[in-house]
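Hi there,

Here is the structure I promised to pass on to you. Have a look at it first, and then read my notes below.

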Amino acid sequence: MSKKWTDRREALIKLRGKSMESAVKLAFYITVCCIAFVTSKVVISFFCYKRWRQKQQLVYEDGLSGGKMVMFRNSMMQSFTSESFMKKTLKLSNKDVIGSGGYGTVYKLVINESMAFAVKRLNKGSSDRDRGFERELETMGDIKHRNIVTLHGYCTAPRHNLLIYDLMPNGSLDAVLHRKSMNKKLLDWPARYKIAVGAARGISYLHDDCIPHIIHRDIKSSNILLDQNMNARVSDFGLATLMEPDKTHVSTFVAGTFGYLAPEYFDTGRATAKGDVYSFGVVLLELLTGKKPMDETFLEEGTKLVTWVKSVVEDKREEYVLDSSLECCPVDEINNMFGIALMCLEPEPSRRPTMAEVVKMLEQKKPEKFVNGY
Ligand SMILES: Nc1ncnc2c1ncn2[C@@H]1O[C@H](COP(=O)(O)OP(=O)(O)OP(=O)(O)O)[C@@H](O)[C@H]1O
């Protein structure tokens, strides 16, 4: 009797062992199947994305000039080919110049009565850098936001690289604010506030919503362009990175512009999102005072816009530094913007707000009367 029980127990144990073994095998097969399934999905998605990207681009290689033009396809671009576009860009001359900066010259390219672009001709780099240039531009081509100047395509040719942007009919904030020939009346208080909010939204989008996150590195009033409704559009993002000589090392190359650079940048040479916040603070001061960060009178007195405003605001004499054309504007709204500017200009980066926080603070105190809405 007891032997019978022992046999049964052994048989039972063997059976359990076998079923355990098959359960482990089953789990193993299920895991392998799952991994294979996920991997195949990733691979398929990758190839689908590559095909989609190819479809999104119109590529034209010009055998004669050795150039290549890539247009990111969108509804605006459907009606003409890269070939005709390239031919028109090759005809651009001095009479089409609308501006120039540290990276090159900007031309107005008119396609027809209803369509025009801004073409930026960049000084040429090495071929290695050009490959990096193309990769980065493909990323930039994906960025679409109403407060960012759209990049429609690019052209690489042996002697120059071209970037094709939306043309901003009202030029740059710098020109409207500081050039005597421009109509400063366009910039009443609500218009300035709208520009501040729009630019903040654009930069916040680059910092938080783009993957990978983008640090602009050169926020300044000449990189804030104005569309037909005086909405702010941030331009030139990524150019500082594109043009950097060697991205794999910490660079001593100063990518930004004096007067806008955060103090820590001079010590570390590292660009950060908080550095952009500082530069944006300088732009807010420009909007409030109507003065350039490196105004000649500041240089003569051995000071600069930020230092001058900080000392006056500490004494609660904001009206003394305010642009004379803003004197009749609501004091609390103006003080609010001064307060936000000073937070952005904190010497210690960790004490500065993020751009998302700046957007929120600006939106909380919007002026009641806005030009063309928000
Ligand atoms: N998309 C655009 N639409 C209309 N005007 C533009 C456009 N892009 C640039 N501009 C004009 O061309 C000028 C030069 O632009 P660019 O970006 O080359 O130099 P910058 O920003 O002034 O200086 P830096 O190159 O040193 O940053 C701008 O100030 C602006 O007036």
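Strand β3 gives the shell around the ligand its largest share, three residues. This is a predicted model, in which local features need pLDDT of at least 70 and side-chain atom pairs count only at pLDDT 80 or more, while totals for chains, interfaces and linings use all residues. Residues are numbered from 1 along each chain as its sequence is written.

In total, 24 residues surround the ligand, each with its C-beta atom, placed from the backbone, within 6 Å of it. The closest are Gly99, Gly101, Gly102, Ala118 and Ser222. At least two shell residues each come from β3, β5, β7 (161-166) and α4 (173-178); helices (H or I, at least four residues) and strands (E, at least two) are DSSP runs, numbered from the N terminus. Where does the ligand lie? Domain 1 (57-166) and domain 2 (173-373) both contribute to the shell, so the ligand lies between them; the domain bounds come from an automatic or database domain assignment.

Now to Lys120, in strand β5 (residues 115-122). UniProt places the feature "binding site" here, in an unreviewed entry; its positions are in the numbering used here, feature names are shortened, and annotations may be inferred rather than shown by experiment. Is Lys120 buried or exposed? Lys120 counts as buried because 23 C-beta neighbours lie inside 10 Å (20 or more other C-beta atoms within 10 Å means buried, 12 or fewer exposed, in between partly exposed, with C-beta atoms placed from the backbone).

Enjoy exploring!
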